[in-house]
Amino acid sequence: MTDHAEPADRPADDPRALEAEQLRLEVERLRRRRARRPGRTIPAVVLIVVACILAPLSVVSVWVADLVGDTDRYMATVGPLASNPDVQAAVTNRVTNLVIAQIDVPAQIDNVVNGLKSAGIAPNAASALGALSGPIESGVDGFIRGTVARVVASPAFAAVWNTVNRQAHTSVVKALTGQGGGAVQLNGNDVNIDLAPVIEQVRTQLVAAGLGLAARIPTVHTGFTVFSSDTVPKVKTGFRLLQIAGNWLPFVTVVIGAIGVLLALRRRTALIGAALGIAIAMLVLGAALAVGRTLTLQQLPAGASEPAAIAVIDAVLHLLRITIRTVGLLALVVAIGAYLSGPSRFAGVVRGYCVWAVGLVRGLYDRSGLGVGPVGPFVHRARTWLIWAVLLIAALIFALWNHPTTGVVVWTAVIVLIALAVLEFLDPSAPPPRPRASTAPLPQIQE
C-alpha cells in the first residue's frame, strides 16, 4: 500500500491563511464582546433609567431652591400678583365684606332712628327715615367698596405687597411646609393671604373721606383663602425632601446618566436613549402639573375666588414650567445631535448636504483669490479636538447660565451649528461641493 504524504503547511503569506486568521480574530473579538455584554449593558440601562427618574425631581428641586434662596426670583414670582385684576377683585370683595361687618351699617342706622325717636321726632318722619335705611345702607356699602377698590388698585397696595413679601420671601415655602409668618400662610389645608395691611389702608382712606365710623375698625389679621386642597399635607412632605435636596440633585442626576452612557457598549445609542428618556420624563412632569392644577381648582371651597387661585398657582408654577420646557427641549436637541453624528444613511445624507452647502460658500471664497493661510492646516490637524471644544463650551455656557430658557437652548444650538460650519469652511481637505453622504470626521461616540 502506497503512503500518501500530508500536504505541506501553507506559506505564512498565503492570502487564504491571512483571511482565515482575520476571520478567527474577528470571531474571537465578537465572542468576547458578547461575553461581557450583560456585565456592562445591565448596569448601563439601570443607571440611565435612574437618571431619567431623577430628572423630574431635579427640576423640581431647582424650583424649590429658587423660591427659598433667591429673593429677586421670588419677588419676580409673587410681585406681579399685586396688579393682577383677578387677585385685586378677590381682595376687594374680601376686605369690603370685612369692613362692612366691622362697621355694621344697619345697626348704625337703627341707632340713629331710635335716637331721633327718643328726641321726639314726629312718627311720620321716623317712619320715612326708617324706609330710607335700605338705600342708605347700599350707598354706604358702595362707598366702602369703591374706596377699597381704589386702595387695592393703588401703588400703595403694590408697595405694601412687595415690602411684606420681600421681608419674608420664603412665605410660599412656609405655606407649603406648614410654618407661619409672611404674606402667604397655611391654616390647615388652606393657603391664605394676610390682609391686615390692606385693611389698615382702607380704614385711613375712609376716615379721610369723612366716614368717621371707620375709625372703630380694629386691626384685623384676616386671611383671604386662595385655595384649599386635601393634598396639601402630601405636598408639604415632598416639598421638604426637595428642599433638603437643593441644587445638588441635578448634578448627581447628570453624573449618573453620564456613567450609564460611558458604561454602555453602544454609547451613541445609549446617549440617544437617555436624552429621549429625559424628554419623556419632562413631558410626564408637565402633564402631572396640569392634572394637579385641575384637581386643586376642583377642590376650592365655597366662596373662594377661582380666578385668584388660578393667578396665584400659575404665578408660582411659572418658573417650573419654563424649566420643564427648557430641559425637555435640550434633551431633544442632544438626541437629534447624537443621531445626526451617527453612521445611519439618513444622518450621512444630512451631513452631506450641509458639507455641500458650506463647500459652495468656500468655492466662492476661493475664487476671490483670498486664502485662509496657516489656519486651514491647523484646523485640519485639530479638527476633532476643535469640534469637542465647541461642544464643551456650549455645554458650559448652558450649565453656567442663570435660569436658561428655551430661547437659550435654541440660540446655543444655532451657535454650535455655525461654529461647526466655520470649521468645515476652514478645513482645506474638505470634500468637493456636491451633495452626498458625508464622511467628514465628527466626534466619535462608540456605537
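The points below describe the fold, helix contacts, cores and a few individual residues of this predicted model.

1. Overall make-up. The chain contains 17 helices and 3 strands. It has 447 residues, and 36% of them count as buried. Among contacts in the chain with a separation of 6 or more, 82% are between residues 24 or more positions apart.

2. Helices α12 and α13. The axes of these two helices come within 8 Å and cross at roughly 170°. An angle over 145 degrees counts as roughly antiparallel, so α12 is roughly antiparallel to α13. Sorted by class, the residues in the contact of α12 with α13 are 23 nonpolar, 3 polar and 5 charged.

3. Helices α3 and α13. Helix α13 (residues 306-340) also meets helix α3 (residues 85-103): their axes come within 8 Å and cross at roughly 130°. The two helices are therefore oblique to each other. The crossing of α3 and α13 is left-handed. On the α3 side the contact is made by Asp86, Val87 and Ala90, and on the α13 side by Pro307, Ala308, Ala311 and Val312. By class, this contact of α3 with α13 has 6 nonpolar residues, no polar residues and 1 charged residue.

4. The largest nonpolar core. This core has 48 residues, of which Trp63, Leu81, Val95, Val99, Val202 and Leu320 touch the most other members. Two or more residues each come from α1 (15-69), α2 (71-78), α3, α6 (133-153), α7 (155-167), α9 (196-208), α12 (267-298) and α13. Helix α13 gives the most, with 11 residues. Another core, of 9 residues, lies apart from this one; Ile387, Ala394, Leu423 and Phe425 are among its members.

5. Val95. What does Val95 touch, not counting residues up to four places away in sequence? The partners of Val95 are Val148, Leu195, Val198, Ile199 and Val202. Both Val95 and Val202 are among the residues that touch the most other members of the largest nonpolar core.

6. Arg150. This residue is in helix α6. Is Arg150 buried or exposed? With a relative accessible area of 53%, Arg150 is exposed; the cut-off for that class is over 50%. Arg150 and Val202 are 52 residues apart along the chain, and their C-alpha atoms are separated by 9.1 Å.

7. His403. The loop between α16 (383-400) and α17 (406-426) holds His403. Its relative accessible area is 18%, and buried means under 20%, so His403 counts as buried. Leaving aside neighbours within four places in sequence, the residues in contact with His403 are Asp66, Asp70, Arg73 and Leu319.

8. Gly363. Helix α14 (residues 345-367) contains Gly363. At 18% relative accessibility, Gly363 counts as buried. Gly363 and Phe425 are 62 residues apart in sequence, with a C-alpha to C-alpha distance of 9.6 Å. Phe425 is one of the residues of the 9-residue core.

9. Points to check against the model. For α13, the pairings to look at are the one with α12, at roughly 170°, and the one with α3, at roughly 130°.

Note on methods:
Residues numbered from 1 in each chain as written. Predicted model: local features only at pLDDT ≥ 70, side-chain atom pairs only at ≥ 80, totals over all residues. Heavy atoms only, no water. Axes fitted to C-alpha atoms, helices over the stretch in contact; angles between N-to-C directions. Helix = DSSP H or I, 4+ residues; strand = E, 2+ residues; numbered from the N terminus. Parallel < 35°, antiparallel > 145°, perpendicular 65-115°, else oblique. Left-handed = near helix turned anticlockwise from the far one by under 90°. Contact = heavy atoms within 4.5 Å. Nonpolar A, V, L, I, M, F, W, Y, C, P; charged D, E, K, R; others polar. Core = buried A, V, L, I, M, F, W, Y, C linked by side-chain atoms within 4.5 Å. Buried < 20%, exposed > 50% of the residue type's maximum accessible area, 1.4 Å probe, protein only.
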